[in-house]
Amino acid sequence: MKNLLGSTVKDLESIALKYGQAAFRGRQIYNWLYNYKNKKKNIDEIEVLPIEFRKKLKNDGYINGELSFKQKHLANDGTLKLLLSTTDNESIECVGIPTEKRLTACLSSQVGCPMDCKFCATGKEGLKRSLKVSEIIDQILFIENEMDRKVTNIVFMGMGEPLLNIDHLLMSIRSINKDFQISQRKITVSTVAIPKMISKLYEKSLEILGNCQFTLAISLHASNQAVREMIIPSARNYNIKNIIEDCREFVRKSGRRVSFEYLMLNGINDKLDHANELSILLKGFQCHVNLIQYNPIEEVEFKQTPTRILKSFQSRLFKNGVTVSFRQSRGLDKNAACGQLRQNAKNK
Ligand code: SF4
């Protein structure tokens, strides 16, 4: 099988020329490939191409994506979670989060995840493998096709640790930017943070994208090292103070703001002392803290912080001069937490 998804216009023009066709046929394939309305069609259904050419492409094993639809879950608030199968019989999740003006796609970068965060269903399964560029961008087409509208914003907050698949992450951002016409500023890369990888992300962005304009979001989830290690065991290799220092450096170099994700876990990291500690940690840093309400999962004993406590935590940060917002979890019903749909399908 030869997957056309992820190809540039130039690649497709070369293929057309190889088949004795005019170069513009390559652009026709390109326009067809990245149009979500064609997601469920096959390569021999590119109607603008001569029938013989279509047939040859199909017979020679060309395909338009390797993922296939497995399952979907639509929450009451319109959030759509998709379970997609890979050709090696693994499954990955992606989510479409709609508002009136935006459709945000939450994408996976790996099958499973090695980071073992204690609050996450995906972390329980460990890492199977990293996703290819075509598998990352195909998730966008599936979401657009199912929701019948264009994705406007991207967050890499699905399954996997994006910085452990950094080359494919950045090549996907290139494609999202060029092929899906979504500006880098509407793309957020979320990471638990891996030693030395924040500076590498900046350097590789310059190398692959020519600049570094996306938003970096750090899944901090704690105000000190001890709490962080308790909920994210992999954090023991990277002191929280060093993470903040590396983020300051990222901001200095890129000119972009960093945001810190803070998942509120009842009785674990949501006391006012934690809010004060976090304010000291981030003092003088032009950043943004995003408080997130926890989506409880069955096998884990963490509980959701009551909204009243969350609001006072938010007020304390605000009073201490930290820019903070509260993000209500979308799709807060059955199977809504990261990795849950995949795990339930496996259990069956
Ligand atoms: S929260 Fe993210 S980084 Fe942590 S285990 Fe889950 S998928 Fe991996």
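Predicted model: local features only at pLDDT ≥ 70, side-chain atom pairs only at ≥ 80, totals over all residues.
Let's begin with the whole chain. The protein's secondary structure comprises 11 helices and 14 strands. Its radius of gyration is 21 Å, close to the 20 Å given by the globule rule for 348 residues, so the protein is as compact as a globular protein of that length. The C-alpha trace spans about 70 × 45 × 35 Å along its principal axes. Of the 348 residues, 57% are buried. If you look at contacts between residues at least 6 apart in sequence, 70% of them join residues at least 24 apart. The exposed surface comes to about 15600 Å², with carbon and sulfur atoms supplying 49% of it.

Now turn to the ligand. Around it you will find Cys 113, Met 115, Asp 116, Cys 117, Phe 119, Cys 120, Gly 123, Gly 158, Gly 160 and Val 192. Sorted by class, this shell has six nonpolar residues, three polar ones and one charged one.

Gln 181 has a phi near 60°, a positive value in a residue other than glycine. You can find Gln 181 in the loop between helix H5 (166–178) and strand S10 (187–191). Its relative accessible area is 65%, so Gln 181 counts as exposed, the cut-off being over 50%.

Ala 193 also has a positive phi, near 90°, and is likewise a residue other than glycine. Ala 193 sits in the loop between S10 and helix H6 (197–209). Here the relative accessibility is 6%, and because buried means under 20%, Ala 193 counts as buried.

Terms used. Residues numbered from 1 in each chain as written. Heavy atoms only, no water. Near = heavy atom within 4 Å. Nonpolar A, V, L, I, M, F, W, Y, C, P; charged D, E, K, R; others polar. Helix = DSSP H or I, 4+ residues; strand = E, 2+ residues; numbered from the N terminus. Buried < 20%, exposed > 50% of the residue type's maximum accessible area, 1.4 Å probe, protein only. Rg over C-alpha atoms; globule rule 2.2 N^0.38 Å. Contact = heavy atoms within 4.5 Å. Areas by Shrake-Rupley, 256 points an atom, 1.4 Å probe, with all protein chains shown as cover.
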